[in-house]
Amino acid sequence: MAFRCQRDSWARQVAAGRAGRGGGGRAGRPALTPPPPLQFATRVVSCQAAELRPEGGGAPVRGFQVVLEDTILFPEGGGQPDDRGLIGEVPVLRVTRRGPEALHFVPAPLEPGAAVVLSLDWDRRFDHMQQHSGQHLITAIAEQMFGFKTTSWELGRQRSLIELDTPSMTAEQVEALERSVNEKIRERVPVTVRELAADDPEIETVRSRGLPDDHAGPVRVVDIEGVDSNMCCGTHVSNLSDLQVIKLLGTEKGKKNKTNLVFLAGNRVLKSMEQSHSTEKALTSLLKNGPGEHVEAVKRLQSSVKLLQKNNLNLLRDIAVLIARDFKSKPVRSQLFVLHRKEGDSEFMNIIANEIGTEDTLLFLTVGDEKEAGLFLLAGPVEAVENLGPRVAELLGGKGAGKRGRFQGKATKMSRRGEVQALLQEFISHRSPEA
């Protein structure tokens, strides 16, 4: 996709992340990509009612699609998410492309013809520039070193993926690739943007996955000096030194015969290191040993937990048997047996039911929280359970199923156990001979 910010060449530079003093060669100190002006004066062309579907799903959000005379906000496309910012005081929630126009979705209407000031969220923009330029560099070097072509990529919120046209990639190849791309960063290689006419024969020499059907006007090319030339509409740094560092996190199995290479670039590497260091400090405090011993300490803890869980299950089984025998040992048994225990599971309840027997006794057993979520079992004569089971589940705000005299399931309102007990007591009183 070749995005053009409608008319203004200056705004196109801003959309490329290159406004102001930029460029920079290899001699002397690296020329860091300066932030573009964070505000830009423009005018509202149109404003129409629209709906926005949230990225995480859910009900559509009502708002308005605004077209400006010119914009410094990049619309989503080419694997890169959109920019965010403000039009005056109104937040821009999404920027999309319609032909050569950028559509700004906002929650409040704007008056067509009104002069407005557009503000850019530079932190988000610079993060996208680092990830996108990092992808171009990784893609170019991966193809040069191993012949692995990039078939697609995704700039994610936490990490980014490059889909490579290879069924696998060895750890040694990943390590060599990471070393090579970081060498290019240290060499402070310039990144430049140029435009070619659509019929320029030089386009044939540029790496590309094709132009969109609605493309019009010149073709935008991003060059990493001596490394790569690629058709691209996205935002980029002006020098590889702006990437700071690239970390390849490894590979994941992709689509058929494809491999996903996971990476972080720039500030994301620093944030990841900060998170890892915080986790390491916390583990050191909890485990009372050094970072090099954390894995073995966790393995020992896991073994201990498994043993304790096994012992706990055996104890619960023994308790279930004792509870059942205590009930059976009574000279006069009640027709209704009710029990709640915080610790337990379905097996615990079924052991009690098996030991007591369900031919003459109606059992209502529950485990879990006393007021909220838990498990329940209704066991007893087949006809009684078939009649009462769904009503018990309804009272407990849960769902269940049953057969052959047992109905069990999950509950969300354990606080209503008393109502269930009253229902069962009433049922027994109505079927007893005395009644």
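At what angle do helix α7 and helix α8 pack? The angle is about 160 degrees, and the axes lie 10 Å apart. Axes here are lines fitted to C-alpha atoms, for helices over the stretch in contact, with angles from 0 to 180 degrees between N-to-C directions. α7 is therefore roughly antiparallel to α8, a label for angles over 145 degrees.

This is a predicted model: local features need pLDDT of at least 70, side-chain atom pairs count only at pLDDT 80 or more, and totals for chains, interfaces and linings use all residues. Residues are numbered from 1 along each chain as its sequence is written, and side-chain values use heavy atoms, with hydrogens and water left out.

α7 covers residues 382–395 and α8 covers residues 417–431. Helices (H or I, at least four residues) and strands (E, at least two) are DSSP runs numbered from the N terminus. The α7 crossing of α8 is right-handed: the near helix is turned clockwise from the far one by less than a right angle. Contact means heavy atoms within 4.5 Å. Leu 388, Val 392 and Leu 395 are among the α7 residues that meet α8, where the partners include Leu 423 and Phe 427. Ala, Val, Leu, Ile, Met, Phe, Trp, Tyr, Cys and Pro count as nonpolar, Asp, Glu, Lys and Arg as charged, and the others, Gly among them, as polar.

Now take α2 (residues 122–146) and α3 (residues 171–186). Their axes come within 10 Å and cross at roughly 125 degrees. That makes α2 oblique to α3, the class left once angles under 35, over 145 and from 65 to 115 degrees are set aside. This crossing is right-handed. The contact includes Ile 138 and Ile 141 of α2 and Leu 177 and Val 181 of α3. Its residues divide into 10 nonpolar, 2 polar and 1 charged.

α2 also gives the most to the lining of the largest pocket, with 6 residues. A pocket is an open set of points on a 1 Å grid, with protein on both sides within 12 Å along at least five of seven lines; lining residues have an atom within 4 Å of a point. The largest pocket holds about 690 Å³, the space filled by probe spheres set on the points. Of its 25 lining residues, Asp 127, Gly 156, Arg 157, Gln 158 and Arg 268 are the closest to its centre. The lining has 6 nonpolar, 9 polar and 10 charged residues.

How values were computed: On a 1 Å grid over the protein atoms alone, a cavity is a set of points where a 1.4 Å probe fits but cannot get out, and a pocket is an open set with protein on both sides within 12 Å along at least five of seven lines; lining residues have an atom within 4 Å of a point.
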